[in-house]
Amino acid sequence: MEFSINSITTISTILLTGLTAGLCFTWTNAVTPGIGRLDDLGYLQSFQEMNRAIINPLFLVVFFGPFFTHIANIYLNRNQSNTIFWMLFAAGILYVAGVVVITIFGNVPLNEMLESTNLENSSPEKLKALRNSFEHKWNRLHLIRTITSVLSLLLLILTLSQNQFNTNTNL
């Protein structure tokens, strides 16, 4: 395999998108159902602590890096076959709209609402109301992130298959 800016960008996009899809899948299938079994205070405290812990440089690179690599990948492959270009374009749109935009305008405001609440001084009624206004909406938005990140990864993998098919048929 020849390493070019194009191949490095494609590999980086697949790796970062795959890590994000795995993170989203794990949260959807294990983390949120697990903490969903906790009482209101335990649930909200757990979510606050996970939100605080996850914001770190490595997470930011893995989660937001694909935004840049998808754009670069689309640009670098603009002269590829229509099939490959549009698959890469769709993968990029799915990631940007379904992961980045949903995160910034959906999940982050909910996380900030949760962070601004002093849980220890809240009544059981207030904790129940906060959880009710947070949990279902956050999980629904996160499910969108999970589905779109997995679909984006699938399209990226399919472009590799399409490229391999094109290379083999041109021999």
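Four salt bridges are counted in this predicted model. One of them pairs the side chains of Asp 40 and Arg 131, with N and O 3.2 Å apart. This pair ties together distant parts of the chain, since Asp 40 belongs to helix α2 (residues 40-54) and Arg 131 to helix α5 (residues 124-169), 91 residues apart. Both Asp 40 and Arg 131 are buried.

The side chains of Arg 52 and Glu 49 form a salt bridge with an N to O distance of 2.5 Å. Both residues lie in helix α2, three residues apart, or about one turn of the helix. In general, an α-helix has 3.6 residues a turn, so residues three or four places apart point the same way. Arg 52 has a relative accessibility of 39%, and therefore counts as partly exposed. Glu 49 is also partly exposed, because its relative accessible area is 46%, which lies between the 20% limit for buried and the 50% limit for exposed.

Arg 52 also forms a salt bridge with Glu 115, where the closest N and O atoms are 3.0 Å apart. Here again distant parts of the chain are linked: Glu 115 is in helix α4 (residues 82-115), Arg 52 is in helix α2, and the two are 63 residues apart. Glu 115 is partly exposed, because its relative accessibility is 38%. Salt bridges with shared partners also join Asp 40, Arg 131 and Glu 135 into one network.

Helix α2 has 15 residues and spans 21 Å from its first C-alpha to its last, close to the 21 Å expected at 1.5 Å a residue. Its buried residues are Asp 40, Gly 42, Tyr 43, Leu 44, Phe 47, Gln 48, Asn 51 and Ile 54.

| Helix pair | Axes come within | Crossing angle | Handedness |
|---|---|---|---|
| α1 and α3 | 8 Å | roughly 140 degrees | left-handed |
| α2 and α4 | 10 Å | roughly 120 degrees | left-handed |
| α3 and α4 | 9 Å | roughly 150 degrees | left-handed |

The axes of helix α1 (residues 5-35) and helix α3 (residues 57-76) cross at roughly 140 degrees. That angle makes α1 oblique to α3. On the α1 side the contact includes Ile 5, Thr 9, Leu 16, Leu 19 and Leu 23, and on the α3 side it includes Phe 59, Val 62, Phe 63, Pro 66, His 70 and Leu 76.

For α2 and α4, the axes cross at roughly 120 degrees. The contact is made by Leu 44, Phe 47, Gln 48, Asn 51 and Arg 52 of α2 with Asn 111, Leu 114 and Glu 115 of α4. Among these α2 residues, Leu 44, Phe 47, Gln 48 and Asn 51 are buried. Arg 52 and Glu 115, which take part in the contact, are also joined by a salt bridge.

The axes of α3 and α4 cross at roughly 150 degrees. This makes α3 roughly antiparallel to α4, because the angle is over 145 degrees. Residues of α3 in the contact include Val 62, Phe 63, Phe 64, Pro 66, Phe 67 and His 70, and those of α4 include Phe 85, Leu 88, Phe 89, Tyr 95, Val 99 and Ile 104. Val 62, Phe 63, Pro 66 and His 70 of α3 are also among the residues that meet α1.

How values were computed. Residues are numbered from 1 along each chain as its sequence is written. This is a predicted model: local features need pLDDT of at least 70, side-chain atom pairs count only at pLDDT 80 or more; totals for chains, interfaces and linings use all residues. Side-chain values use heavy atoms; hydrogens and water are left out. Helices (H or I, at least four residues) and strands (E, at least two) are DSSP runs, numbered from the N terminus. Buried means under 20% relative accessible area, exposed over 50%, partly exposed in between (1.4 Å probe, protein chains only). The expected span of a helix is 1.5 Å times one less than its number of residues. Axes are lines fitted to C-alpha atoms, for helices over the stretch in contact, and angles run from 0 to 180 degrees between N-to-C directions. Angles under 35 degrees count as roughly parallel, over 145 as roughly antiparallel, 65 to 115 as roughly perpendicular and the rest as oblique. A crossing is left-handed if the near helix is turned anticlockwise from the far one by less than a right angle, and right-handed if clockwise. Contact means heavy atoms within 4.5 Å.
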